Amino acid sequence: MAALIAARGLTKTYRLGQVDVPALRGVDTTVDAGEFVAIVGPSGSGKSTLMHILGCLDTATAGSYHLDGEDVSRFAGKRLAQVRNRKVGFVFQTFNLMPRLNVEENVALPLKYRGGVPRSERRERARALLERLGLSHRIGHRPDELSGGERQRVAIARALVGSPAILMADEPTGNLDSHAGAEVLATIEELHRDGHTIVMVTHDADVAARAQRTIHIADGRVVA
Amino acid sequence: MAERFPRLAAGWELVEDALREVRAHPLRSVLTLSGIVFGAASLVSMTSLARAMKEMAYRDLESIGFPRSYVVWDRGPRSDAQRAVDLRHPGLRLADLEALRHMPGVSSVHGRNPGTEMVVSAPAGQRLARVEGVDAGYLEVRQFPIAAGRSLRALDVMRVSRVAVVGTLLQSDLFGAADPVGRTITIDGVRFLVVGTVAPPSFEIAPIDFDFAARRIYVPYTYLTRYRDGQGRLSGVLVTADTATEFGRVLQAGTMLVRQRHGGAEDFEIENEAADVQEDLAMADGILAGWNVVMYAIAGVTLVVGGIGLFSVLLISVRERVREIGIRKALGADDGAIRRLFLAESLTLAFLGAVVGIGGGAGLILITEFISRQFGRSFAIAIHPPGVALAIVFAVIVGLVFGWYPARRAAKLDPIEAIAGV
Ligand SMILES: Nc1ncnc2c1ncn2[C@@H]1O[C@H](COP(=O)(O)OP(=O)(O)OP(=O)(O)O)[C@@H](O)[C@H]1O
Ligand SMILES: [Mg+2]
């Protein structure tokens, strides 16, 4: 079976004025379906940059990237937006929930951009997922009425609502206290047990130890 | 419903999103809308007012003039008459009036005798006044209101009764404070019974002075015909057609009839009152058309200024929501979805502005009506539907035009940079 993620020679160079800042210097990596992979590395090593490219939020300067059998490194615009919507569920360190929408509306939002999913179905799917994550009692609340751990679990629900091929989380516990972090981590592990493919960036060696496999990054390269 | 009209449902959701934004910034929204509100309000109130003025002017002109009438005037012998027929000049006669009355398409005929200044003596004094001989019903057709007593009746005219209706502006000179009805006056030495008084007609807006109508004394035209002009003769016949469309035919047929009855003599002339009225109406139209141009220009400029306000607020909104835009893109929104989001906000704001403005325009109309009542006039100004439609169309265009650039700018944002807030 082909790997879910297959990246070859990913390079990302930022241009700051006249200076080129290399963030990735040729990353090769594969992730199989059902895997739980942690990406670790020092600050500034390029973990987030890699995640953004793998999550189709950004494009590489060079290299090829196949996601679920499609060469998405050739995609742009509308097609790339659809890949983001259907294939990837992205969880940010800072939650990035919509402050004016309630929990249910936040979770249902990605389905709005799928097209043709009626509101009633979007709502149903959001509710089902929130129930599964133990957040049913928060459905009508706004993000600022939730604890950090709850916000991140709402963000996870939002990432999963479209049944993506892969869940990507960039330091999902980075803004949480240890208790909330453990809660979020438990949720992620449970999702993995249910068969979800998960790629997670972390600073924390303990957190990384929970994954099946760890990719070490340093200075824009995979080192182990 | 949503399942059956997915596009409609998606559009409505965009409007809901936009309304959420509007509610989140009520003051800013109100300020943004003010320009469009004023533009729409002025457009609606001014088009409605223009339309109402036009209708009132028409009514005024139609009430004093005769849009369906012409007058056949006796012309007397021409000083340079050469032809035998002209010398014979039978002149206008009562028989002509009766013949005209029975023509098809004729609604009414009224004998007239414009009369001359005569010496009028009354209990309170003596003075020179114009005495006009008219038919029964003439004062009513002209809409000269009877202030007291009664008007001239068909029987008065038939019997050549010596009865008079006195203009209210002569009243104090002739009778002092006393009630004129039932009193006797003498006109050129002949005694007349005063049966009523007639007031000047009132107009809605036309700046026309019709006080002269109330400075006259009206008597049966048959009296003047008999005792001044000679037996069976009369000075003029007012002919009114049933409908305006028939007027042309009625005029032509009447002219031919009189000419034929007079054996081809040129002893009468036609005063085409309908044409005069049309001329006045055309003039009123011209004035109002000029006003319309000024008005549309003002409303247009106001709306464009409103559009510029909308534009700057949308740019602020885009800047404020950069992060939100980034998140939406990360969740799979493409450029078009973001563009639609902001265009919907722009259109919703503009549309709300138009709706509020239309309400404001209606309010201005009510105020105008109220003020007119304080001045003793009762303007009835109907809201002009094309003005309402124009306000909405204009606002939507403004929303699209001025929303386009901010929406495009929002759509072009890069998701990662937007989320990072760069
Ligand atoms: N938009 C950008 N413009 C210029 N340089 C950038 C930009 N984004 C990232 N970089 C640089 O690219 C390199 C990798 O950054 P990245 O954010 O991927 O690191 P990271 O491993 O996620 O670090 P951290 O653990 O602190 O989150 C860094 O040197 C960073 O300064
Ligand atoms: Mg990072």
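Three elements of chain A, namely α2 (77-87), β6 and α5, each supply at least two residues of the lining of the largest cavity, where helices (H or I, at least four residues) and strands (E, at least two) are DSSP runs numbered from the N terminus. This is a predicted model, in which local features need pLDDT of at least 70 and side-chain atom pairs count only at pLDDT 80 or more, while totals for chains, interfaces and linings use all residues. Residues are numbered from 1 along each chain as its sequence is written, and chains are lettered from A in the order in which they are written, while side-chain values use heavy atoms, with hydrogens and water left out.

A cavity here is a set of points, on a 1 Å grid over the protein atoms alone, where a 1.4 Å probe fits but cannot get out, and its lining residues have an atom within 4 Å of a point. The volume is the space filled by probe spheres set on the points, which are joined across faces, edges and corners. The largest cavity has a volume of about 70 Å³, and among the 13 residues that line it, Asn85(A), Val88(A), Pro110(A), Arg158(A) and Ala159(A) lie nearest its centre. With three residues, β6(A) gives the most to this lining.

Two or more residues of its lining come from each of α1 (6-24), α2 (26-64) and α12 (335-374) of chain B, and α2(B) provides the largest share, three residues.

Two strands pair if DSSP finds at least two bridges between them. β6(B) pairs with β8(B), residues 190-198, in the parallel sense over five bridges, and with β9(B), residues 216-220, in the antiparallel sense over two bridges. Val165(B) takes part in both pairings, standing opposite Gly196(B) in β8(B) and having Tyr218(B) as its bridge partner in β9(B).

Note on methods
On a 1 Å grid over the protein atoms alone, a cavity is a set of points where a 1.4 Å probe fits but cannot get out, and a pocket is an open set with protein on both sides within 12 Å along at least five of seven lines; lining residues have an atom within 4 Å of a point.
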